[in-house]
Amino acid sequence: MIEKLRKARAWTKKGCGLFAALAMLLVLPPLFCAVCLAQGKADKSAFQFPKAFPVPANNHVTSARVELGKMLFFDPRLSGSNWISCATCHNPAMGWSDGLPTAIGNGMTTLKRATPTIVNTAFNELQMWDGRFHSLEEQAVGPMQAPGEMNSTMGDILSKLKSMPGYVQAFEQAYPGEGVSQDTVAKAVASFERTIISQGAPFDAWVHGKQNAINSSAQRGFDLFTGKANCVACHSGPNFTDEGFHNIGLNGDDVGRFAKLPIKISKGAFKTPTLRDIALTAPYMHNGEYRTLEEVIDHYDRGGDNKENLDPSIQPLGLTRQEKRDLLQFLKTLSGKQVAVTLPRLPQ
Amino acid sequence: MKFPVKRMASILTALMMIPPVVRAGEQTVDQKDKTFMMNGAKVAALKVKVGDVILFKNLDPYFHNVFSLSDTKLFDLGSFPQGQSRSVTFDKAGKVEVECAIHPQMKLTVEVK
């Protein structure tokens, strides 16, 4: 009897040991992850850039389409004044933006919002600061016809294009049998824009395992970005955007997304922009309020300025000077390899 | 003592007039990875009965919203963080397009019958 009890106790001990080991196996990994997250050690694989960009079924990318789109993109004759092209504001020499706080449009009119870069717009769910366009095709022909921007009409644009045999031929090569129409203009410009992708950033090399691709300050910056500073709440994924809309407490009375979607939290909310090539696209924010990335970091560290309808994710961060420097170093690692852009010869 | 047959009959009749208490159906829809999910699977369309309640639960580590501008049911549940829920009663038959105002890629069609 005593022997039986001893055996039973021994098994109980073994059982307890086994149970404890199993419990450790079950508990430790989540605990480890929790510690990782608390310290900002985010999973780098969530930032791996996709090998291909999405393309709509009715507008596959071909070289003829991209070449035609490029001609249209750089052609000022698509504007009412024959003087402003898409590239006037989306200038490849300035990160496909214009270096201005807010855009300048037709008749040298200063517009109320900054020119967003067209880098990586292929990945956008919605286009424009307020998300009013659902595709690049929709967006492409918007500014051409906006009175404050290129101030033309589709009728004028099409008649100009049809008067130039070089264009008629290019449209036929790109979209055989579809002619020169609003639809083919939109599809060609969208095809070109889709190919403007920021690639080969030092950050990407680091994500793929090249440890010294970014310095230790930038690596700490990544930990802050995904941890203490929680930038990743909105700037998530390989394109560093949640494709969402947030009121981040900037100054001004622009209602942003609310004009398109009258839901309270949309008031003063704007689309989260990509952070790819961010060091190349100053000034910053939808209203061009900040000249430098340092000023942007200070804004978030303060928890925003205008508290009306502020996104609750925006909270004072309490960053040290070194932490701010680390975040800046990290943001600078998101600039892709700079590719030379050759201007197209335009049909006459 | 005389049994009050008439009185009992009237009470029984009155009781029969009261409609039976029907417990409205409640379903939970999770908000996870910027999608609407049910039982771990992405859900794009859902059928409910008039009077049913859907509980929207935020499982993401950031804020979500739930709203609809549909004629059948107009509502805005505001924004709420991870772990919190908001519920809405679908009290009229028809189609309700449910979205998140923060993340427009989140869409759910609720068919109320």
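**Helix packing and nonpolar cores**

Good morning. I begin with a pair of helices in chain A: the axes of H2(A) and H7(A) come within 8 Å and cross at roughly 145°. Please bear in mind that this is a predicted model. As a general point, two packed helices are described by the angle between their axes and the distance between the axes. The crossing of H2(A) and H7(A) is left-handed.

Which residues make this contact? From H2(A) come Ala64(A), Arg65(A), Leu68(A) and Met71(A), and from H7(A) come Ala170(A), Phe171(A), Gln173(A) and Ala174(A). Sorted by class, the contact of H2(A) with H7(A) has six nonpolar residues, one polar and one charged.

Let us turn to the cores. In soluble globular proteins, nonpolar side chains tend to be buried together. Here the largest nonpolar core has 27 residues. Leu68(A) and Phe171(A) are among those with the most contacts inside this core, as are Leu72(A), Val185(A), Ala188(A) and Val189(A). Two or more residues each are given to this core by helices H2 (63-74), H4 (136-140), H6 (154-162), H7 (165-174) and H8 (182-194) of chain A. Which element gives the most? That is H8(A), with six residues.

Leaving aside neighbours within four places in sequence, Leu72(A) is in contact with Leu78(A), Val185(A), Ala188(A) and Val189(A).

Finally, I come to the contact between the chains. Chain A contributes 16 residues and chain B twelve. On the side of chain A that touches chain B, seven residues are nonpolar, five polar and four charged. Thank you.

Notes. Residues numbered from 1 in each chain as written. Chains lettered and ligands numbered in written order. Predicted model: local features only at pLDDT ≥ 70, side-chain atom pairs only at ≥ 80, totals over all residues. Contact = placed C-beta atoms within 7 Å. Nonpolar A, V, L, I, M, F, W, Y, C, P; charged D, E, K, R; others polar. Core = buried A, V, L, I, M, F, W, Y, C linked by C-beta atoms within 7 Å. Buried ≥ 20, exposed ≤ 12 C-beta atoms within 10 Å, placed from the backbone. Helix = DSSP H or I, 4+ residues; strand = E, 2+ residues; numbered from the N terminus. Axes fitted to C-alpha atoms, helices over the stretch in contact; angles between N-to-C directions. Left-handed = near helix turned anticlockwise from the far one by under 90°.
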